[in-house]
Every structure is written in structure tokens, then in C-alpha cells.
Amino acid sequence: MRTVITGGAGFVGSHLCERFLTEGHEVVCVDNLITGSLVNVEGLKASGRFTYVQHDISKPLEVEGPVDNVLHFASPASPVDYLRHPIQTLKVGSLGTHNTLGLAKAKNARFLMASTSEVYGDPVVHPQTEDYWGNVNPIGIRGCYDEAKRFSEAITMAYHRYHKVNTHIVRIFNTYGPRMRLDDGRVVPNLMAQALRGEPMTVYGDGSQTRSFCYVSDLVEGIYRLLFADFHGPVNCGNPNEVSILEFAKEIQGLLGKPCAIVFKPLPQDDPKVRRPDITRAQTLLGWEPKVERHEGMKRTMEYFKSKV
């Protein structure tokens, strides 16, 4: 099989490239490196089945030869990144999704797009099921990302219904693991980097807001199963084991093995107060649920960051 992965040099995308190569696929990785890095995929070239194409998927992409699968994972995905690149974020979610759907249609390929738990906004339904329509501020500072992904889902379903493209949508909840950037602004690299540098860890608000952290290998397994499933609606992929940010910071202190100060700062605008996936659909359709316990995943991630600080 031949698989095209946009955003393939990013955190999740590079792990997907690796998984599809392991499964025997030929992989075409497309990335403009706005947030990705070639370091993430440099070890994949030795397979002889890996090709890197530097390209902004907001512009049309031509791929010669057959394509069996198209996975659209290109997008800034952390608040720091999409607040720095709001226009690019909107374009990759709209024009980029249109272009990748067009490629899948032309090649009669399976299509899977990376959506996000952010389509639920600051939810008033907890935990979040795929049937919940969300509580999003479309003109808030986070709207560039939230609405880009909501549009991506809408056009993906339109291509499925109108053009009969074999589409799939994964709604990704907080994911962590090796190859995250230290400066990407998300809670795991933020807190771990500060702790490893001996700096106070920054907790926003009073730390009572919750997140659910899924280790990257678990997410990749869910995505791989979803691509080949006979289902076209959105599917949550995340770890339903919910933890407060303050408690999470204390867990990092425990991993570090020494005291680390915690400082509190105001909660950012439109920051979700709770986040936990209902994964009943993934369990039922895919036979999938996370396997890596948070303590083990955090230990592996901390070891990776130690080499980067």
C-alpha cells in the first residue's frame, strides 16, 4: 500500500509515518515544517519506502502514481503555534482539507482527517461524546483552530456524502510522548521542561481544570484501526483517565524526585475547564482503548525531554 501523510514531520505525524512503514506501506510524508521537523523522520529514510515532500498543503498537491490512503494531519496544534499562525491554521484546515480530499477522490483512496477535542470548545457536557455539538467561541482567540477543525469535519462529511469518498474522522484528545517540541506550549512539555530546568512550574488558574492524557503509541493504534474501519462519523481517541492540572504537576514533581515550585497565573481566554473523552464508540467499533498507564508514559516522555533540555 502507498500512504500519503500530511504533517508527517510533526509530533503525531512522524509516529504515524513510522507505524505505516512498519506495516509495510510506502509512505509519502508532506510537510512545510512550520511546526514539524525533519529530525523526527530522519531515521525513516533507511527503509527505502519513505519519501519526504516539502509542501504547503494549503496549495494543491499532485502525487504521481497510485495512492491507497491519505491522512491529513497538517496543522499547528498547540495554542502557542496557532495563535502565532492563525491565518495558516485556518487555511490548512479549510484549503488543506479540500486539497487532500481532492487527492483522495482522484486516487480512489481512503481518507482520514485529524480533528480535535477542541471542536467541543469549553464543554457543558462531560465527558464528551461524539454526539455533542460543542460550545465554541467562533471569534475568540482559539477560534482559528477550533473552527478550522469544525470546517474540516464538515467538508469531509460532504465529500463522503456527495462524492462517496471513503472518509474517516478522528477527534484527538490531549496526546503526549517523544518528539513533542519543548517550546510547543502544551501542558506536558511546558511543565516537564520547567521542572527539568529547575524553574517553577506554571499552572494556570487554580489548577482545577482537567485534562486526559493519551500516550502517542495508543493514539496511533486507534488511528490505524479507524482508517480501515467501515465507519465514517467522528470517533474520539483519547485516554478517559482524567486528572487536574495541579495534580498532574505534582506527578511530575514525583517523577523528578525533588521539590519543584509551582506558580499560578491567570487562566487564558476560552481555556476549557474540563476535558475527558467518552471512548465507547472507539471501544465498540475498533476494539480500542489506551494501554499505556500515565505514570509509564510520563516516565518515557521525561527521559526523552532530558536529552532535549
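A residue counts as buried when its relative accessible area is under 20%, and because Asn40 has a relative accessibility of 14%, Asn40 falls into that class. The model discussed here is predicted.

**Strand S4 and its partners**

- Strand S4, which spans residues 69-72, is covered on both faces, with Asn69 and Leu71 buried on one side and Val70 and His72 buried on the other.
- Strand S1, made up of residues 2-6, runs parallel to S4 and is joined to S4 by 4 bridges; within this pairing, Val4 has Val70 as its bridge partner.
- Strand S5, residues 110-116, also runs parallel to S4, and 4 bridges join the two strands; here Leu71 of S4 has Leu112 of S5 as its bridge partner.

**Asn40, in the loop between S2 and S3**

- Asn40 is located in the loop that runs between strand S2 (26-31) and strand S3 (50-54).
- A polar atom of the Asn40 side chain lies 2.8 Å from the backbone oxygen of Ala9.

**Gly121, in the loop between S5 and H4**

- Gly121 belongs to the loop between S5 and helix H4 (143-163), and Gly121 is buried because its relative accessible area is 5%, with the limit for that class set at under 20%.
- Not counting residues up to four places away in sequence, Gly121 touches Asn135, Val136, Pro272 and Arg275.
- Gly121 and Glu147 are 26 residues apart along the chain, and their C-alpha atoms are separated by 9.7 Å.

**The second largest pocket**

- The second largest pocket holds about 200 Å³ of space.
- The residues that line the second largest pocket are Val119, Tyr120, Glu130, Asp131, Tyr132, Trp133, Gly134, Arg150, Glu153 and Arg171.
- Sorted by class, the lining of this pocket consists of 4 nonpolar, 1 polar and 5 charged residues; among the lining residues are Glu130, Asp131, Arg150, Glu153 and Arg171, which count as charged because Asp, Glu and Arg belong to that class.

Notes. Residues numbered from 1 in each chain as written. Predicted model: local features only at pLDDT ≥ 70, side-chain atom pairs only at ≥ 80, totals over all residues. Heavy atoms only, no water. Buried < 20%, exposed > 50% of the residue type's maximum accessible area, 1.4 Å probe, protein only. Pairing = 2+ DSSP bridges. Polar contact = N/O pair within 3.5 Å; in protein donor to acceptor, adjacent residues only side chain to side chain. 1 Å grid on protein atoms, 1.4 Å probe; cavity = no way out; pocket = protein on both sides within 12 Å on 5 of 7 lines; lining within 4 Å. Points joined across faces, edges and corners; volume = space filled by probe spheres on them. Contact = heavy atoms within 4.5 Å.
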